[in-house]
Amino acid sequence: MHLPLQARNDEDVLRDQYDSCHNVVKERSKPLIDKLRCARFEIEVGEKLKDDTIILNGYIDTSRILFLLDQYPMALQYAHKALQLSEKCKEMAANAEAKRLCGAIYTDLNDIYNARKYLNEAIGYYEYKKDTASLIRALGTMAISLGENKQFDDCIRTLNKVCRMCESQQDFANLRTSLHNLANVYSLLDQPDKGIRMLDSLTNTIPPSYMQVEDTISYESLMGQLLYQKKDYTRAKEFLLKCVVRARKKYSNDELVSVLTTLSDIAREEKN
């Protein structure tokens, strides 16, 4: 059956709108609120077109952005909607991504049982499919879960595995994140020399184009913290003061408070 010309044109307009919104969602520099608005519009478009694949993508995008906004109950709601719809449509790749999201959300909700359950299922699927790119993301999420539960040895092993996979795939974005997370774990374990080695590896390995301002702020803050742990106050202050300037320009208030607190600790210890 052929649709009338007007109906076909309306459908083309909706699909063009979906493509535009999906591009906004994928663009890293866009504000999360704008991305959320677009992700919800994806669902609306899918419902108008009666296209389950578009609705499913909208559910996953909405869940992911709500998670980044710390809106955990709503993020979980959309992740479970994605799970149900993906099972109905037999979209197993989307099902695995929804499970990875559930694992990440349950990790932040301190529900370790459900976090591991969903993450292990996602990891099992990606290993079976030999989907290295998706496996890197799922293992990265598992590493965060292990770290949150203070299983640091397992966390370090998982992150090292992720780093090796990232290097083989030249996945510099996830390699940057994994090296930073390793440095953070070593900071928590009060092993600053190992943490500094991870950050040195980061600067030597990651092309500058993969370092956004937010990444540089996090790097300088963590390097300052590690040098402070070594009591190398002069170098620590160099990194932390540069970080203060960037954080103020970027309105990164949480990072700014953390850095100023460390600078205050250094001043007090130097005075003593």
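Mentor: Before we start, helices here are DSSP runs of H or I with at least four residues, strands are runs of E with at least two, and they are numbered from the N terminus. Please also keep in mind that this is a predicted model.

Trainee: Okay, so how many helices and strands are in the protein chain?
Mentor: The protein chain has 13 helices and zero strands, so, with that definition of a helix and a strand in mind, the pattern read along the sequence is α-α-α-α-α-α-α-α-α-α-α-α-α.

Trainee: And what box do the C-alpha atoms fill?
Mentor: Taken along the principal axes, the box is roughly 80 × 40 × 35 Å. Of the 272 residues in the chain, 46% count as buried, and the accessible surface comes to about 15000 Å², with 50% of that area belonging to carbon and sulfur atoms.

Trainee: What about contacts between residues 24 or more positions apart?
Mentor: If we take the contacts with a separation of 6 or more, residues 24 or more positions apart account for 54% of them.

Trainee: Switching topic, where is Gln170 found, and what is its phi?
Mentor: Gln170 sits in the loop between α8 (152–169) and α9 (172–188), and its phi is near 55 degrees, which is a positive value in a residue other than glycine. For background, most residues other than glycine have a negative phi.

Trainee: Is Gln170 buried or exposed?
Mentor: Gln170 counts as exposed, because its relative accessibility is 57% and the cut-off for exposed is over 50%.

Trainee: Which loop holds Asn110, and what is its phi?
Mentor: Asn110 lies in the loop between α5 (92–108) and α6 (112–129), and its phi, near 60 degrees, is a positive value in a residue that is not glycine. Asn110 is exposed too, with a relative accessible area of 61%.

Trainee: Let's do pockets: how much space lies in the second largest pocket?
Mentor: About 310 Å³ of space lies in the second largest pocket. It is lined by 13 residues, and the closest to its centre are Ile144, Gly147, Glu148, Asn184 and Leu188.

Trainee: Which elements give two or more residues to that lining?
Mentor: Those elements are α7 (132–148), α8 and α9, and the largest share, five residues, comes from α9.

Trainee: Why does Phe152 count as buried?
Mentor: Phe152 counts as buried because its relative accessibility is 16%, and buried means under 20%.

Trainee: Now, what does Leu240 touch?
Mentor: Leu240 lies in helix α12 (residues 233–250), and, not counting residues up to four places away in sequence, Leu240 touches Glu220, Ser221, Gly224, Gln225, Val259, Thr262, Leu263 and Ile266. The C-alpha atoms of Leu240 and Glu220 are separated by 6.3 Å, although these residues are 20 residues apart along the chain. At 0% relative accessibility, Leu240 counts as buried.

Trainee: And Arg197, where does that lie?
Mentor: Arg197 lies in helix α10 (residues 192–205), and it counts as partly exposed because its relative accessibility is 48%, which falls between the 20% and 50% cut-offs.

Trainee: Last one: how far apart are the mean positions of the positive and negative charges?
Mentor: The mean positions of the 39 positive and 40 negative charges of the protein chain are 2 Å apart.

Conventions
Residues numbered from 1 in each chain as written. Predicted model: local features only at pLDDT ≥ 70, side-chain atom pairs only at ≥ 80, totals over all residues. Heavy atoms only, no water. Buried < 20%, exposed > 50% of the residue type's maximum accessible area, 1.4 Å probe, protein only. Contact = heavy atoms within 4.5 Å. Areas by Shrake-Rupley, 256 points an atom, 1.4 Å probe, with all protein chains shown as cover. Lys, Arg positive; Asp, Glu negative; His and termini not counted. Charge placed at Lys NZ, Arg CZ, Asp CG, Glu CD. 1 Å grid on protein atoms, 1.4 Å probe; cavity = no way out; pocket = protein on both sides within 12 Å on 5 of 7 lines; lining within 4 Å. Points joined across faces, edges and corners; volume = space filled by probe spheres on them.
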